[in-house]
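Here is a friendly briefing to read alongside the model. Please keep the sequence and the coordinates open as you go.

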Amino acid sequence: MKIAIIADTHVGYPRFYEDSFAQAEAAFMDADSKADVILFLGDLYDTRVPSLQVLGRTISLFRSLKKPIYAIHGNHERRAKGALNPVALLERAGLIRHLNFSSDVFENGGEKVFIAGMGNVPDDLAKAGIRKLKESVKIPEGAFSILMLHQSVKEFVFGEELLELADLEGLGYSLILNGHIHIRKDALEGRFLIPGSTVITQLTREETNPRGYYLYDTKEKRHEFVEIPCRKFIMEELEFRDARIEEVKEKASAALSRIRENAPGAIIRLRLKGTLEKGLRPPDIAIPEDGLLFIDNKLNEHMARMDLRAIREMREKKLSMREMSEARIREKLKGKVTLFEPSELFDAMAAGPEEAMGLLQGRRGAK
Ligand SMILES: [Mn+2]
């Protein structure tokens, strides 16, 4: 049996609205032609209550597919107890099977697979969720069994109280599938699979990799990644040193034309790093963004960091600005013979550069 595994299509995602549909449609239609059954791992929609426009388009898509679909809901679709979520709504319409702390047996050509699902629960309740799942779903003996989840997993996401692979491995499923994490992964020698999202959402370096879905073969116990046509996403960095505004603008526009020529229509994230000429601030560099161009202005970032560090240090030591400055001056003057006290220099500097210079040149009291 061939099983298609799709996750996180986020249809209706505002930033890349059309892409979210085109790429979801591409994944489902391709899966429909290659697999016997389609498993969907949550976040079909980007919102809990999608617009009628968005619902309508997915209904048309699912009506056009021939293979059965099993789905769970993701965190983007989770609603309060008793409120109907959009994935459950599709089940009411007879278009998919929605599994939530429940299971089913799918049969094809004499081969049976057991499929269980747990819709997303908040991270802090995930372990309790797994305990509840163990009680409500019993895996039949000898069956090839699949669990569908939409959770953060410690090995791939930062956070506390998250599920760990070890928690899941011991549940006894032949195959565990997880959505939620938008980057494709596999673990436990191919027994734990995350297909990743079909649409770009976070604009991270990892998202520059191809998008698609997994196709699992139950005979060979192997998965393969099937790439779908997807808008390209390109990330580039430009480094500057004491740059003028024109220099930054010229280099950025040259880089953009080169990228656009090689990959027309790509989403581009351009990061500007390094330093600007004295007197310039990052906001002085204004490169217009559009729906496909994102400028990440990190110019002079280390300076901002230095300022931040000084402020933080000051707060930690609970020193006043005056004490802080005096302490710094004292440190600088360590071992040097001076005719003035650090506090005097601070006062002079506070009064103005003339006064400070006067003090340093020994014109004490010369006003
Ligand atoms: Mn998601």
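In which loop does D8 lie? D8 sits in the loop between β1 and α1 (17-34), where helices (H or I, at least four residues) and strands (E, at least two) are DSSP runs numbered from the N terminus. This is a predicted model, in which local features need pLDDT of at least 70, side-chain atom pairs count only at pLDDT 80 or more, and totals for chains, interfaces and linings use all residues. Residues are numbered from 1 along each chain as its sequence is written, and side-chain values use heavy atoms, with hydrogens and water left out.

**The manganese site**

- Four residues coordinate the manganese ion, namely D8 (OD), H10 (NE2), D43 (OD) and H182 (NE2), at 2.1 to 2.4 Å.
- Donors here are N, O and S atoms within 2.8 Å of the metal (3.2 Å for Na, K and Ca), and the site may look incomplete because water is not among the atoms.
- Along the sequence, the donor residues of the manganese ion follow the spacing D-x1-H-x32-D-x138-H.
- D8 is buried, with a relative accessible area of 0%, and H10 is buried too, at 2%; buried means under 20% relative accessible area, exposed over 50%, and partly exposed in between (1.4 Å probe, protein chains only).

**Backbone points to check**

- As background, most residues other than glycine have a negative phi.
- The metal ligand D8 has a positive phi of about 45°, although D8 is not a glycine.
- K221 is not a glycine either, and has a positive phi of about 50°; K221 is found in the loop between β11 and β12.

**The sheet that contains β1**

- Six strands make an open sheet in the order β4-β3-β2-β1-β11-β12, with mixed pairing; two strands pair if DSSP finds at least two bridges between them.
- The edges are β4 (97-98) and β12 (222-227), each with a single partner strand, so one side of each has no neighbour in the sheet.
- Strand β1 (residues 2-6) runs antiparallel to strand β11 (residues 212-217), and four bridges join them; within this pair, I3 is bridged to Y216.
- With strand β2 (residues 37-40), β1 pairs in the parallel sense over four bridges, and here I6 has F40 as its bridge partner.
- β1 is mostly covered, with four of its five residues buried.

**The sheet that contains β5**

- A further open sheet of six strands has the order β5-β6-β7-β8-β10-β9, and its pairing is mixed.
- Its edge strands, β5 (102-108) and β9 (185-187), each pair on one side only.
- On average, neighbouring strands of this sheet are turned by 20° against each other, with direction ignored; axes are lines fitted to C-alpha atoms, for helices over the stretch in contact, and angles run from 0 to 180 degrees between N-to-C directions.
- Seven bridges link β5 to strand β6 (residues 111-117) in the antiparallel sense, and S102 has G117 as its bridge partner in β6.

**The β14 and β15 pair**

- Strand β14 (residues 267-276) runs parallel to β15, and five bridges join the two; R269 is bridged to F294 of β15.
- Strand β15 (residues 293-297) is mostly covered, as four of its five residues are buried.

**Helices**

- Helix α9 (residues 342-351) packs with helix α10 (residues 353-360) at an angle of about 145°, and their axes are 5 Å apart.
- The contact (heavy atoms within 4.5 Å) is made by E344, L345, A348, M349 and A351 of α9 and by E355, A356, L359 and L360 of α10.
- By class, this contact of α9 with α10 has seven nonpolar, no polar and two charged residues; Ala, Val, Leu, Ile, Met, Phe, Trp, Tyr, Cys and Pro count as nonpolar, Asp, Glu, Lys and Arg as charged, and the others, Gly among them, as polar.
- L333 belongs to helix α8 (residues 321-333) and counts as buried at 18% relative accessibility.
- Leaving aside residues up to four places away in sequence, L333 touches T338 and F340.
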